[in-house]
Amino acid sequence: FRSMTRHPPLFCRTRALRRMLPALLVMVATSFFLISPALSKLRSAVSPVASNLAPAERFIATNRFRVRNAAGFEKRWAERKSRLGTLDGFRYFTLLRRIDGPAFFKDSRPGKDDAPDYISCTLWESEDEYTAWRKGDAFKEAHGGSGGIAAFASMLKTAIFLLKGKPSPALYEATAVCTAATPSPTVDAEGGWRQDIRADGQSLLEPESFAVVNRWPVREGREADFEAKMEASRTNRDTGPPPGLKVRTLMRRAGLRVDDGFMHSTLSVWDSEASFSAWRASVPRADAIREMMADGIISGPPSPLFFEGLLCLESNAGP
């Protein structure tokens, strides 16, 4: 009897676990889902809306991850259940894997604690379509919320064995969007997700694109001046999308706490590092950066991060 008191029978422990499952699911979903409903309320409360800022042309939802097992993490994404590509307003998705980047940026490489290992990045036509996805069944399916015990176990495994801490979401309004002249929708994406990727959990996935995120230290109160400068620069030099460009945009944080110190960033996705390097060599940027620093618009040069793009998924309309 004393032994049974110390160690309840298995069926008792199983029944207790089943009673606890709903609460455990809620806890894990709150900590590890992409964006929770509570964050949506926070976004509405603190969203920086100003009449003199550029209007949003897209809405970008990201999630930042630090990982323990990179190959296992990529396998989890490759095999996830998702119909993202079939949803109204979806434009583009990529999972970004951080790399050191070109040698000529060696002095700008972040320290090991300065940036995430991976960023999931989804472009939507507008915030309304993003919100519809986040509140709908497709979001729950992709994040294990309607898959019962098996989905819960998979999600718990991801949290414990693959990640270092919980994901960190960031939302953006995208302006000054420039895309490739001709869309190249993903062909092998039956059901709305990539069907042609095979991940073994031992080796990393082959890169499909090259991406650069520049984080701009814009001085408080000069946000509109910065956006105007960026738009003027884009208009003055662009004769069309440069070769190899998939999408380029200025991103402005939209609600949620700015936890990395940067309200503005630029994102560009290319078919290869070579295309990016060729474009960079053809477009002088140093003088424009120095001018914005002298005018007090930015406090220093941008801080770049470099990524390889994985699991790219593009709509028929392009990014």
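Mentor: One term before we start: contact means heavy atoms within 4.5 Å. And keep in mind that this is a predicted model.

Trainee: Okay. Which residues does R91 touch, not counting those up to four places away in sequence?
Mentor: R91 touches R58, L123, W124, E125, L313, E314, S315, A317, G318 and P319.

Trainee: And where does R91 sit?
Mentor: In strand β2, which covers residues 90–99.

Trainee: Buried or exposed?
Mentor: R91 counts as buried, because its relative accessibility is 11% and the cut-off for buried is under 20%.

Trainee: What lies 2.7 Å from a polar atom of the R91 side chain?
Mentor: That's the backbone oxygen of G318.

Trainee: Switching topic: how many aromatic pairs does the structure hold?
Mentor: There are 17 aromatic pairs. Take F65 and W77: their ring centres are 6.0 Å apart and their planes are at 80 degrees, so that pair is edge-to-face.

Trainee: Which parts of the chain does that pair link?
Mentor: Distant ones: F65 is in strand β1 (residues 58–65) and W77 is in helix α4, 12 residues apart. Both F65 and W77 are buried.

Trainee: What about W270 and F276, how are those rings placed?
Mentor: Their centres are 6.0 Å apart and their planes are at 65 degrees, so W270 and F276 are edge-to-face. W270 and F276 are buried too.

Trainee: Back to W77. Which residues do ring pairs link into a cluster?
Mentor: F65, F73, W77, F93, Y118 and W193.

Trainee: What lies over the face of W77?
Mentor: R80 does, at 4.1 Å from the ring centre. The charged end of R80 also sits over the ring of W193, 5.8 Å from its centre.

Trainee: And helix α4 itself, which residues are buried there?
Mentor: In α4, residues 70–78, the buried ones are A71, G72, F73, E74, W77 and A78.

Trainee: What caps the N-terminal end of α4?
Mentor: N69. One of its side-chain oxygens lies 3.4 Å from the backbone nitrogen of A71.

Trainee: Where is L311 found?
Mentor: In strand β8, residues 303–314. L311 is buried, with a relative accessible area of 1%.

Conventions. Residues numbered from 1 in each chain as written. Predicted model: local features only at pLDDT ≥ 70, side-chain atom pairs only at ≥ 80, totals over all residues. Heavy atoms only, no water. Helix = DSSP H or I, 4+ residues; strand = E, 2+ residues; numbered from the N terminus. Buried < 20%, exposed > 50% of the residue type's maximum accessible area, 1.4 Å probe, protein only. Polar contact = N/O pair within 3.5 Å; in protein donor to acceptor, adjacent residues only side chain to side chain. Phe/Tyr/Trp six-rings, centres within 6.5 Å; stacked < 30°, edge-to-face > 60°. Lys NZ or Arg CZ within 6 Å of the ring centre and 35° of its normal.
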